[in-house]
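Please examine the structure shown below together with the following briefing. The points are grouped by topic.

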Amino acid sequence: MRRRVHAWDVMILVMLAAWAVPYFWQVRTSFTPDTELLATGSVLPSAPTLLHYRAVAEKSVMPRALGNSVGVASLTTLLALALGLPAAYALARLPIPAKNLLLLVVIASTAFPQITTVSPLYLLLRALGLRDTWTALVLANTSFALPLLIWLLAGFIREIPIQLEEAAFLDGAGRLTVLRLVVLPLVAPGVASAALLTFLAAWNEFLFAYTFTATEASRTVPVALALFPGVFEIPWGDIAAASILASLPPVVIVIALQRWLVRGLVAGALKD
Amino acid sequence: MAQVLMKDLNKKYDEVHAVKDVNLHIRDKEFIVLVGPSGCGKTTTLRMLAGLEEITAGEIHIGDRLVNDLPPKDRDIAMVFQNYALYPHMTVYDNMAFGLKMRKFPRAEIEQRVRDAAQLLGIQELLKRKPRQLSGGQRQRVAVGRAIVRHPQVFLFDEPLSNLDAKLRVQMRVELKKLHNRLETTAVYVTHDQVEAMTLGDRVVVMKDGWIQQVGEPLELYAHPVNKFVAGFIGSPAMNFADVTINDTGGVVTAESQGLRLQVPPAKAGALRAYKGQSVAFGVRPEDVHIATGADPAGLTFDAVVEVVEPLGSEILLDVRAGSSTTTIVARVEPTVRSKVKDSIKLAVNPERLHFFDPKTEQAI
């Protein structure tokens, strides 16, 4: 038994390593001098260099794009949570007519192909004078993130025993106080994971960012990477360094929120 | 402290009529228990009183206020839930202080009240812990503590002991009773356990299918159940029932079934004469059946065969079959009785404690 579990563990490690190879190759490329890039002699570069990172930091639009991405993704997450949490609570707990149908529509709308909304959204945002602004991206990303976020949070809220809320009502709390002091602390892990998903989706979003932006005033990382300038040759090393930089913020956030993601706060609320 | 008045109270869900025309006057400082099988409407009634369920029709008054449209927080009541419903992210202290903080009590008074309640319940040591670090009994105490710190007008208990093991349940039952004697606050307690109902209630309300069946002091319910349901529900082991035919031969009224022929005592004879030739339900409690002695008149005895012997120590329960019939009767007899399975014995009933119920309405005759 123990040996079989062991074999399974090894297999998982091998698979994880296989999946991570492209990422590590990218890391390797970002530290390899241009002259060695096409050589296949060794796994590690003979003379690792920070030249590519310096080029990206000093001569490219990447710093600006990273700033735009952090801004757009953070604002999207905050706005989506501010709108989504009350909506999720209402759908989970309040006596709304045709509630299940409403939830079904919400989840069905996540299946909407993004590409079909690009043209109308573009016309709308241009009419509002929001082309090439953070606002345009935040609004578009939020509208796209909300259905899944509401669906997820409504699920988390429904898992909280309703008696906790009833007890708080009897203790003298109003609906909003209950939401703030009882529901929110208990769904914190759920909120964290929903926020994380929203942030990552906004971070990686390409189609809207490509269509609604025109200059580096609002261009986000995925667009900047796609448009990475190369005149006579493709700067593989610089691109690699740029993509590694682009992947760092999400990685850091996932690690930071990991504790919340796995924490079961509801333990002990009820006799089980 | 306040009285509670329910007038023609009704609750209808889409298809279920859960509570039907409940009229109940709960006196100030009274401990009243709503008891009945699951689905009888007792919890729904309690939740309407708490303000957690809307009232379909009727009125609820707490003190001299009509509370139908008041939200729970304005009713000045506290409730102990079946699963305790402690806030898992707060310490015991914060759990108990929450209601006082919501009502903007000064910090010093909150501290004082929580300490007092904790001392009363013996949980001073636990104030800094989280609910998940407590045992079932401790959580139960905290839940009670959270209710009493507020000094509400009415306590509501929704099956608060049903999650505890048997021994702890008996212990907490006694403590709740002591607590009520000390606090003198009106309490409404819901349970499906008739022993809890009998031991805790100043008065007990027996419910079934949304209707109140009977309201009365525990021993009154026990001695004078108004219908067959209450008779069978209250008391453990339950009352024995048998279908008997009423006969009237020369002024002597008898109740007969296969293997059973009992002379109806004069007090009941008048009313039963109207059922002459008909079948009615006959009921007798196990302790009102005993081993016959010479002093028992022949009209009150019957022959039986012992089927099961249950020695409980302080008493013995004999499951017997009356004569040749299929009717089984449980007799609660002295622990000195040495009957064995398949023994033939003669039993007698206590003539003052016989019950008869109308076959159709099941009302007591």
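B:E159 touches B:Q82, B:V190, B:T191 and B:H192, leaving aside residues up to four places away in sequence; two residues are in contact if their C-beta atoms, placed from the backbone, lie within 7 Å. The model is predicted: local features need pLDDT of at least 70, side-chain atom pairs count only at pLDDT 80 or more, and totals for chains, interfaces and linings use all residues. Residues are numbered from 1 along each chain as its sequence is written, while chains are lettered from A and ligands numbered from 1 in the order in which they are written.

- B:E159 lies in the loop between β7 (154-158) and α5 (166-183) of chain B; helices (H or I, at least four residues) and strands (E, at least two) are DSSP runs, numbered from the N terminus.
- B:E159 has 19 other C-beta atoms within 10 Å and is therefore partly exposed. A residue is buried if 20 or more other C-beta atoms lie within 10 Å of its own, exposed if 12 or fewer, and partly exposed in between, with C-beta atoms placed from the backbone.
- B:E159 and B:T43 are separated by 116 residues in sequence, but their C-alpha atoms are 8.7 Å apart in space.

**Chain B as a whole**

- Chain B contains 9 helices and 20 strands.
- Along the principal axes, the C-alpha atoms of chain B fill a box of roughly 80 × 45 × 35 Å.
- Of the 365 residues in chain B, 40% are buried.
- Among the contacts in chain B with a separation of 6 or more, 66% are between residues 24 or more positions apart.

**A sheet in chain B**

- Strands of a sheet pair through backbone hydrogen bonds, either parallel or antiparallel.
- Strand β16 (residues 301-311) of chain B is joined to strand β17 (residues 316-322) of chain B by 7 bridges, and the two run antiparallel. In β17(B), B:I316 is the bridge partner of B:P311.
- β16(B) also pairs with β19(B) in the antiparallel sense, over 5 bridges. Here B:F302 stands opposite B:L347 in β19(B).
- β15(B) is joined by 3 bridges to strand β19 (residues 344-349) of chain B, and these strands run antiparallel. B:V349 in β19(B) is the bridge partner of B:V289.

**Backbone features of chain B**

- Most residues other than glycine have a negative phi, and most peptide bonds are trans.
- B:D76, which is not a glycine, has a positive phi of about 55 degrees. B:D76 is found in the loop between β5 (65-66) and β6 of chain B, and counts as buried because it has 20 C-beta neighbours inside 10 Å.
- B:D209 also has a positive phi, near 50 degrees, and is a residue other than glycine. B:D209 lies in the loop between β9 (203-208) and β10 (211-216) of chain B, and counts as partly exposed because it has 15 C-beta neighbours inside 10 Å.
- B:S236 and B:P237 are joined by a cis peptide bond, with omega about -5 degrees. B:P237 is in the loop between α8 (228-233) and β11 (240-249) of chain B.

**The contact between chains A and B**

- Chain B gives 25 residues to the contact and chain A gives 21 residues.
- On the side of chain B that touches chain A, β6 (77-80), α2 (92-102) and α4 (136-148) of chain B each supply at least two residues.
- This side of chain B comprises 15 nonpolar, 5 polar and 5 charged residues. Ala, Val, Leu, Ile, Met, Phe, Trp, Tyr, Cys and Pro count as nonpolar, Asp, Glu, Lys and Arg as charged, and the others, Gly among them, as polar.

Methods. Pairing = 2+ DSSP bridges.
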